[in-house]
Amino acid sequence: MKRALTLVLLVALAAVLLNAVADLPPHGSPDTPAYTHVGAYYLENGSEETGSENIVTSIILNYRGFDTNGEVTVIVTALMAVIAVLTGVQDTGTQPDAEVIHVAPSVVVRFIVRVLAPFILVFAVYVILNGHVTPGGGFQGGTMLGALAIALTLVLGERESSRLLPQRSLRVIQVIAPLTFVAVGLAGLFIWGDYLFFPRDEKLRGFAEAMLVLIEAGIGIGGAVVFARVFRLMGGRQ
Amino acid sequence: MIDLLWDNLDYAASMVLFCIGLYAVITRNNLIKKFMGLNIMETAIFAFIVALGVVDGGNAPIMGEGAAKPFINPLPQALILTGIVVAVSTTALALSLVIRIWRQCGTIEADELREAE
Amino acid sequence: MTSWPPLLVLFVLTPLVGAVLTPAVSDASGRRSWEWALGTMLLTSAMAGALIMRVLDEGPFSYVVGGWVAPYGIELRFDEFSAFVAVVCLLGLLAVIFSRHYARDALAPGRIPYYYTLLLLNMTGMIGFIVTGDLFNLYVFMEILSLSAYALVAISGEKTAEMAAFKYLVMGAVSSLSILFGVGLLYALTGSLNMADVTGRLAGSAEAPLVLAFAALTLGFMVKSALFPLHIWLPDAHAIAPSPVSAVLSGLVVKVGILGMLRVYQIAYGSGAIDLSGLNLMLTWLGAISIVMGAFFAVFQDDIKMMLAYSTISNIGYIVMGLGLASPYSLIGASVHVFNHALIKATLFLGAGALIHQTGRRTLTGLAGVGRSMPLTTAAVSIGAISIVGIPPTAGFLCKWYIALGAMQAGEPLFAVALVFGALLIFVYYIRMVNAFYFRKPQEAGAPAVHEAPATMLVPVLILAALCLVMGVLGRLPLSFIEPAVTRLLAPLGGG
Amino acid sequence: MEVVDARVALAPAISLLCGALVFAAADNTFWRRFWSVSAALAKLGIVMSMLPGSLRGVVYTFDLVEFTPGVGLAFRADALGMFFSVVSSTLWLFTTVYAIGYMEREPNRRRFFGFFALCVSTTVGVAFAENLLTMFLFYETLTICTYPLVIHDETPEAMRAGRTYLVYTLTGGAFVLLGSIWTYQLAGTMTLSQPGILSMEAGRTTLTALFVCLIAGFGVKAAIMPLHGWLPTAMVAPTPVSALLHAVAVVKVGAFGVLRTIYNVFGVELLRELGVCDWLAALAAVTIVTASIIAIFQDNFKRRLAFSTISQLSYIVLGAALLSPLAATAAIVHIANQAFAKITMFFVAGSIQRTTGKTTIHELAGIGYRMPYTMGAFTVAALSFIGIPLFAGFVTKWYLSLGALESDRWIYALVMLGSALLNAAYWLPIVYTAFFKAPHEEVVVQEAHWTMLGPTLACAAYVLLLGMTVSVPGMPFALAQAAVTFVFGM
């Protein structure tokens, strides 16, 4: 009954939605407002103004850098939330943690992960550092790093895998992404007078690139730590 | 109407996907499945926004040698990159809540949980 | 100093940095977290003060991040509605102060640093949401705000906390998506994300997508602000959360939806591209129903925090009704109530938190006679109760007056009747509370002696209660700077 | 002539201060009494110091705060407000002294005297309110402040009475608020300083609805039937509270509100045109007669007093509703006449209860021998209510009847006559029982403590004075006439 009712309602909703999107500016046309206004400006001037060949990156780090600043805060928020939810309390319920079954991964899996690990690492670093010329960037590379950490956690024993994350400085490393972002932004503020300002003239281009790389590295490492940490927390580890 | 819809097929598809996701959120009893429905909805919206940037015959917006116009609108892509991270973050939190609920109550079926309350 | 442009962005960053560093500066059991969070909030509040001084001096101002001019870069904008940050900072500060003893006793020790982190992140999200002038940036900060809010509900350790948080999360995520969808549609129609730019470019858009865009935005913000019938997540979440969090959630977080609505109105009225009278009519009705339903459900609650949670739904009803009536007076009333209700509800939730903390009971029956042992706290809560019912000369009266006047002005006297008599219904349950505090004998004779709450809890509650009175008497203060904003908002409609 | 003078605001403020000091004095009996009595004296002093000026026609005003232009807290002591405040501050002094004696051994005295002071503060606030908003503010605050007094005993019965009281009065308050907002919307102002601010432009239906709204709001406290339900139940409160509720504060505020509505919001001219006052007058007449008839059948002393109050209050409403200058004089003067006579009776009832523990009328046989002064005072009040010449009540009845004839409604003169007979029917038996029935036990003269007896006799004296001369010290008939001159534009 409930399902049928839901279905009817959703069909009605779908009709409304379809009716509305049908009237949108035509898909794929180069004359839509979406294409001709702000987007066109980026395509026109992005490469020149930001020194980045990848316009998506130039939007993420330059034009809309503040969004990305918020974005790294969102993942840190998620990490803090997961830590707050999953740690610090004794479970009173019916399902003891002991039921988590530890099955040793097969030899094949272990071998392949170990062999691939260095390659994944190198590729991830490449993706992070080359974000402004090729597709990629901090998030993409960070995800790879995080995936690597997760894979290693699965094949290594508890003791070994716990060394993947630096225990002593973890409380700083896990928030390194927003911290680098803010630090670089503030550098722009105090040197040139605007938050997240990157120098645009040719002489200082190298400096600007260094700042961008710093941010990318921060996002990459910070993202990877967050992914690894969330995974470990969900598995009942610290 | 149908012609217009056919032209905007990408948009239409994402709307349908959105409704499918919403259906799952409303009708599924299992909390994880409920949340998967939400993920479908997220994907639908992301697909919709990314589709806004598409230009017929467009190339990836990467300048440099050999790059040829027209380029695809880079802004929606940049936005959705952020959107995806937000979605991942929400999912992480939702899953950890589900884990806690499982440990506390021994079930993640919505109706059984309501009874337990 | 006050006109130094980048102060606006530092204002958003201060709580952010403070938040992410909280676990690093404190030890595992949360020592030093409180001091750190307090310092952060003090600094943030000082900045808020400076910014509000500036808006009073010069009117709205903006700052473009990274030197990229809008609409290509992200613009932060501070206008009269943004003055809500004053209340955000004040409540945040008081909630942090209140938490010193509360968190130590009510939360698991390992969670304490993260509790403060999340609280500060919540502030960050709220401040960012309020000062941004960019639609997508608004979405990003809204998500910081929402994620931290979900976690803060779950953190309390109550038995059903996770379930309440999950419910809140699903509703919240759907509403966020709805908002993102609306933003996407507006982008498709205008090619811009900057609010001012979007406003200027909306005219002449196709009607169906435009209506859908505003519908999606409104729907999303209405869920966030728990308007009936989209309120179902609120009572559990607000009642189960730790009391300082309840104060922040009920006082501030639901208001984010309202502020979002005000932004939507700014775009809609400013562009003149869409006729909102149908939407307004719906909001007026839903607001009226919210007032009555919220009050109705509250009457049957014995749990004091549950009661307060339902009363939030009623009060959101006031505000939404004021928005829907869309006459100058009603909009002034609604905007002012956004401020005043935050103060009032925080008084009530923090006061209730202090009572629960000291007595260990949270039902009205259990709290009988507590007025004798905790006279100051109960006095503060009573002032809050009188204020929320809208008895003059407290803060709550002003909004009731203006919204009812606005209803008359809009030629809808029946809504004024609904408002005034809805307030009576609300009184019924607050009088139960006051009766329980003062005029009923404690149930068990052998109950352990109860003492007045420690200073860190008492002082915030008393400050807030005093503000409830002061803001009633000095009602002119918020009115004087809301009025130009409302006038500007309605100016494109002509007349007003 | 209007003069800005802070004394207008000081008069309500001083009782507020007194309330705060009483709460601060905690359980120290001396300081509590000291603050209560000195505040009562100070307030009477302030009001009296304005009286000479007021009699010369000076109107004192003071704007406290302004929310927005035209909406704010403002005070204004015109003739009508002055008259009411003189009555209430005089009576407050008496009641305070009486309450100190009466409440001697009661629990929660701090709460009692604290809220007691606040009540009077709000009453004077209503009297001096310059606009409807200020008036509403004090009207509602009065409700809140009297609630703890009504449920003072904290018995289930008291709690129930308190609930009834709140339901009635808050609903009334809601109507007043609605009416105020509406008035503001229609007239663009809420001031009570003009003889009417509304005009016929608003339309007949709207004005009628607004009139009903405001009268229903104020009528709850003025206990016009059928809005009187709270009054008899609220009798469970301690006697000084009943006295305060019935004679000084609550009901008078309601009646005063009706007067303000008729004279200053609508204005006599407009109401004559509108014709709604005929209905109000009829309702008042019905209330006068019905309440009196019910009173005859009450055996509980305080309940009989309660129904008498309901009946007497409608004199004021009737006087106002007749829209003739003479009736208006009667209405205003009756504020004082009813107050003094009724408070005397309550003091008597309280004294008897405290001294002998008796609460019903049939127990009172021979009480006149035991408490001769007290019952003497009672007799004076009773004769006043019946309307015997030389007693205060006669003045009211005389002018009211004249007013009825002046406006060609002789039926109301008959109502006055009937009411006099009914009053005789329920007051004289008490006098008879007290003095002429043989006492059940041995008679020893045993009066109440002087703190209770003194105020009783003083009030009875006032009743006599008010009936015999128009120049009673501190109870100026001239003020009432000035008010009437102003509202009728004579």
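Predicted model: local features only at pLDDT ≥ 70, side-chain atom pairs only at ≥ 80, totals over all residues.
Colleague: Which residues in α2(D) are buried?

Modeller: The buried ones are D:R32, D:W35, D:S36, D:A39, D:A40, D:K43, D:L44, D:V47, D:M50 and D:S54.

Colleague: Switching topic. How many residues of chain C are in contact with chain D?

Modeller: On the chain C side there are 22, and they are in contact with 21 residues of chain D. Helices α16 (395-409), α17 (413-438) and α19 (476-490) of chain C each supply at least two residues of that side. The largest share comes from α17(C), with seven residues.

Colleague: How do the residues on that side of chain C divide into nonpolar, polar and charged?

Modeller: There are 19 nonpolar residues, two polar and one charged.

Colleague: Now the largest nonpolar core. How many residues does it have, and which have the most contacts inside it?

Modeller: It has 529 residues, and C:V153, C:L419, D:F83 and D:V317 have the most contacts inside it.

Colleague: Which helix gives the most to this core?

Modeller: That is α6 of chain C, residues 161-190, with 21 residues in the core.

Colleague: Back to C:V153. What is it in contact with, leaving aside neighbours within four places in sequence?

Modeller: C:V153 is in contact with C:A161, C:A164, C:A165, C:Y168, C:A237, C:I240, C:A241 and C:V245.

How values were computed
Residues numbered from 1 in each chain as written. Chains lettered and ligands numbered in written order. Contact = placed C-beta atoms within 7 Å. Helix = DSSP H or I, 4+ residues; strand = E, 2+ residues; numbered from the N terminus. Nonpolar A, V, L, I, M, F, W, Y, C, P; charged D, E, K, R; others polar. Core = buried A, V, L, I, M, F, W, Y, C linked by C-beta atoms within 7 Å. Buried ≥ 20, exposed ≤ 12 C-beta atoms within 10 Å, placed from the backbone.
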